[in-house]
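Work through the exercises below with the sequence and the model open. Each task is followed by a solution in steps.

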Amino acid sequence: MRMRRFTVILMMIVLSAYLLAGCDDKAGQGSFASDTEATEAVKVGKFAPTTNITYSAGTDSNWSYGNQRKEFPSDMACYVRIGCTMITDKGNEVNDEIIVTYTFTGVDNCGISSSDGIVEMVETGDSNVVQFNKTLVAAKAEKATEDVVIFRYDPKGEGSVKLEVTYDDRVDTKYDQLNTIYFSSDAELSEKELDAIDQSGYKPESEADDIKNQTH
């Protein structure tokens, strides 16, 4: 009788150990599967985009960022030209699509609008931030071409606007770009910029309104 009880107890212990081992294996498999899925979801390839950001005061015919200009008059529009080239050194990533995002922070006091290039506006839920997306196609360096978009700034007085150019998760964050420009009533334009503005026929909003009112 005692031997029979001992046998039953021993069998129950062995069965319990087996069931526990099975559960641990399943849990381990689930964790491994999750890690694998996470790795597959974001595969960072060998992409090396180039980003060129240049600004123009009053007209888009004179790009002045090469002079490291960061301050602009607070009573006239200016433009930013953003050129992106998506380069890959891996043949199997040629023609892959990469999303680039343009984020402008500080727009409560400065209107931002797309002036040239096809972009998609993204809802941010923040009145002080506007965001646009564009799809770039990867190519090898010898065949890669620059994709250009131009945005217009319409300041409503003094302030600043931060521009961030970021790429999706397949591109290393070291390629992201950050620029901030400032609008000031004391900012002065160079002779070259003034000549370009005159040639373009551009007039600040206040001056254009005065002319319009005089003709009515």
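**Exercise 1. Salt bridges**

Task: How many salt bridges does a search of the whole structure find, and which residue pairs with Arg81?

Solution.
Step 1. The search finds 5 salt bridges, a salt bridge being a side-chain nitrogen of Lys or Arg within 4 Å of a carboxyl oxygen of Asp or Glu. The model is a predicted one, in which local features need pLDDT of at least 70 and side-chain atom pairs count only at pLDDT 80 or more, while totals for chains, interfaces and linings use all residues. Residues are numbered from 1 along each chain as its sequence is written, and side-chain values use heavy atoms, with hydrogens and water left out.

Step 2. Arg81 forms a salt bridge with Glu146, and the closest N and O atoms are 3.1 Å apart. Because Arg81 lies in strand β3 and Glu146 in the loop between β7 (129-137) and β8, this pair ties together parts that are 65 residues apart in sequence. Helices (H or I, at least four residues) and strands (E, at least two) are DSSP runs, numbered from the N terminus.

Step 3. Check the exposure of both partners. Arg81 is partly exposed at 22% relative accessibility, and Glu146 is partly exposed at 35%. The classes are buried (under 20% relative accessible area), exposed (over 50%) and partly exposed (in between), with a 1.4 Å probe and protein chains only.

**Exercise 2. Further charged pairs**

Task: Which residue forms a salt bridge with Asp147, and is Lys134 buried or exposed?

Solution.
Step 1. The partner of Asp147 is Lys134, with 3.5 Å between the closest N and O atoms. This pair links distant parts of the chain, Asp147 being in strand β8 and Lys134 in strand β7, 13 residues apart.

Step 2. Lys134 is buried, with a relative accessible area of 12%. Asp147 is partly exposed at 24%.

Step 3. Take another pair: the side chains of Asp154 and Arg152 meet in a salt bridge of 3.0 Å, N to O. Asp154 counts as buried at 19% relative accessibility, whereas Arg152 counts as partly exposed at 22%.

Step 4. Glu93, Asp96 and Arg170 are linked in a network of salt bridges. Side chains of opposite charge can pair when their charged atoms come close.

**Exercise 3. Strands and their partners**

Task: In what order do the elements of the protein chain run from the N terminus on, and in which sense do β1 and strand β3 pair?

Solution.
Step 1. The protein chain has 3 helices and 10 strands. From the N terminus on, the order is α-β-β-β-β-β-β-β-β-β-β-α-α. Of the 216 residues in the protein chain, 33% are buried.

Step 2. β1 and strand β3 (residues 78-85) pair in the antiparallel sense over 8 bridges; two strands pair if DSSP finds at least two bridges between them. Thr50 stands opposite Thr85 in β3.

Step 3. In strand β1 (residues 50-57), 6 of the 8 residues are buried, so the strand is largely enclosed by the rest of the structure.

Step 4. Move to β9. Antiparallel to β4, β9 is joined to it by 6 bridges, and Thr101 stands opposite Thr166 in β9. β9 and β10 also run antiparallel, joined by 7 bridges; there Val165 stands opposite Gln177 in β10.

**Exercise 4. Loops and surface**

Task: Where is Asn95 placed, and which residues form a negative surface patch?

Solution.
Step 1. Asn95 is in the loop between β3 and β4 (97-105). Its phi is near 75°, a positive value in a residue other than glycine. Asn95 counts as exposed at 56% relative accessibility.

Step 2. Lys174 lies in the loop between β9 and β10 (177-184) and is exposed, with a relative accessible area of 62%. Lys174 and Ala48 are 126 residues apart in sequence and 9.6 Å apart in space, C-alpha to C-alpha.

Step 3. The negative surface patch is formed by Glu71, Glu158, Asp186 and Glu188. Patch residues have over 30% relative accessible area and no salt bridge; like charges are joined within 9 Å, and nonpolar side chains (Val, Leu, Ile, Met, Phe, Trp, Tyr) within 5 Å.

Step 4. Of these, Glu158 is found in the loop between β8 (147-155) and β9 (159-167). Glu158 is partly exposed, with a relative accessible area of 46%.

Note on methods. Accessible areas come from the Shrake-Rupley method with a 1.4 Å probe; for residues, only the protein chains shown count as cover. Lys and Arg count as positive and Asp and Glu as negative; His and the chain ends are not counted. The place of a charge is taken as NZ of Lys, CZ of Arg, CG of Asp or CD of Glu.
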